[in-house]
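Open the model in your viewer and have the selection panel ready.

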Amino acid sequence: MSKNIINSLSLAALALPGLMQDAHAGRAEETYNADILYGHYAESNQRMSVDIVNVSASAPIGKAFTLAVDFVSDTMSGASPMFNMKDQNGQVKQILSGASITEQRYAGVASLSYALEDVTLNFGGGVSSENDYQSGHFNTGLSWDLNKKLTTLNISASVAFDEVSPTGYNYTKSKTSQQYLLGVTQILDKHSLVQSNMTFSYQNGFLSDPYKLVFVEGGGVQSDARPGKKFQWGWLTRYARHFQDLNDAALHADYRFYIDDWGIQAHMVELQWQQPIVDEWIIMPRFRYYTQNQADFYQSVFNTQNVGSVHSSDYRLAGFGTLGGGVKIMKSFQLNGFVKDIKLQAAFDYFDRKASYQIGGNNQGSFDNFSFYMVTASVNVKF
Amino acid sequence: MQKKWQVVNFAFQAMGSPCHIQFYASSQRQIDLAKQQVNRCLARLEQRYSRYLSDSLISRINRSAGLGKAIPIDLETAALLAYADQCYQDSEGLFDVTSGVLRQLWSLEKTTLPSAAELDRVLPLIGWEKVQWTEHSITLPLVGMQLDFGGIVKEYAADSVAQLLRNLEIHSGVVELGGDVKIIGAQPDGQGWPVSIRDPRQPDQVIVSLNLKSGALASSGDYERFQLIDGVRYSHILNPKTGKPVSGLRAVSIVSEHCVVAGSLATLAMLKGEQGLAWLQENQLDFFCCQNDGEIYRTL
């Protein structure tokens, strides 16, 4: 009989939630989440601007399932570059689409995740619709905690089907895309972790931009024409470190390498510092540098000798660099009632895109330089 | 980098008692988060289990008694009921969370002993085995039945607060909620925390000073809460089987790993009455106790 009652009660006490080590472990939190985000993106020189409204929510279902839904509405307006040509002095000039058009895009995504002891499975799908563009995708993923949760493996696959019916043309073209991700997150010690994600994607079908043209000296304009296949490989490495002595600050450092079989290689470095101040106010300054070289079939303007059967003057396939950064401010309120937690966030980022920022230099000139900014504000509620 | 530890003293009033938490923290944010989460945790427990709040879960359950209505409960409440059930089983019905209804017969304002008729009216309302409960709901079948987590919730709160501070990477500290103590972890130099037990005969005097590096201490007894009727001292701990105050022990303190376990063992020792001391010894508990005759026995 001796010790029996202590053992018996101690065992019963261990089932009390307050005595469990880290009540959040092993399972998505049992909270309902709702998010509303508004964003405004604008490019310089009255080029494109986009107003973004994003509403998302997630809810636990039973003990192991979590359902998440996400809805986006984008309103795009403004002019966009169509092609480049040379003026009387031989200088390259960018020609923008004339009328300022307003376009609307709606997208919806739903996903269901299932959490087991060490493995979380995720299935999802979504659609996106514009008057000239329809897209649908499915994805599935697996996240596996190993090595006493010090290591997490992520594997995912997705497939997308897109259809474009350009305004003013009488055709519909399609493309399919597949993407695979293989990632690993390793906790190094109590204060740091490293994450490495590799993505492979393959697209085939109509990959040209129906609204873009190329200018051929002595030959007028032709439609943008790109290869019918594209293979892409990206590799993101992230290092995160927590500084307890600096009032729980954290550093995130990302490096991303990208290469595709169109001849583009890109590098991206991003640094973010997360500094808690007082009363759950957090300020996050961030900095980003991006550089890429031009695609094999890119030229700002072509001539009859070099225009070939694949050609593009799309500024996104040019060689350039982007430099910028911003700041994000977060404030949380923890409450006791029906609503458990409210988080407000606001961010501003500004980027400057210049041909001359390309690593190793670029002599293409400044005709397609521009800058852009993005402002966002969001409210997250947990209940 | 050298850690700049600072000791934090956090004193406040909660669950009707003075509370004091002491811990070592390494940043202001950690301190802010700790205070915020402690307040939140205790407010939640009070909101659910306080008998004095008319809209608490426990008050709603008690009001629904006899109405045949199942009141939905959350996982934490279900776990506390399961713990209370274990206490009831292990004590052969002596530790019964439905015995609080007896308090109306023995409240501090009363100056006379309850009559046999009064006892006969109230005793049938006691009995954990009558309560219908599942993981999701509870039904008190008889009008007047009451649930009371005294002897469990304050102690559970001390354990919960210690665990949530550990989750915030606070590993050195001590939590004291109205005399119930739970150690978060030893002091940074490896020393234990001083913990004292008051003398039940002279409550302003310390009778035992302990130094605890881990574990918990909880007490039960008549330090201040007892009543004198015709010159006889009656305990506030009431036996669910007889409906009468226990006698035998005046106060018991127990050291165990978990505060909630120490608290229920201390209450149970009181309920054992004249057999209390023998029961403490037989179960090889780490205890301090004072008998009604003022005699002190201790293994601490």
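Helices (H or I, at least four residues) and strands (E, at least two) are DSSP runs, numbered from the N terminus. This is a predicted model: local features need pLDDT of at least 70, side-chain atom pairs count only at pLDDT 80 or more, and totals for chains, interfaces and linings use all residues. Residues are numbered from 1 along each chain as its sequence is written, and chains are lettered from A and ligands numbered from 1 in the order in which they are written.

Stay on chain A. Of its 383 residues, 14% are buried, with 20 or more other C-beta atoms within 10 Å of their own, C-beta atoms being placed from the backbone.

Next, select Ala262(B) and Ala269(B). In the largest nonpolar core, of 91 residues, these two touch the most other members. Such a core is a set of buried Ala, Val, Leu, Ile, Met, Phe, Trp, Tyr and Cys residues joined through C-beta atoms within 7 Å. Now show helix H6 (residues 259–271) of chain B: with 10 residues, H6 gives the most to this core. Apart from this core lies another, of 10 residues, including Trp262(A) and Tyr298(A).

Last stop: where do the chains touch? The contact (C-beta atoms, placed from the backbone, within 7 Å) takes 37 residues from chain B and 23 residues from chain A. On the chain B side, select H3(B), which supplies the largest share, 9 residues.

Key
Buried ≥ 20, exposed ≤ 12 C-beta atoms within 10 Å, placed from the backbone. Contact = placed C-beta atoms within 7 Å.
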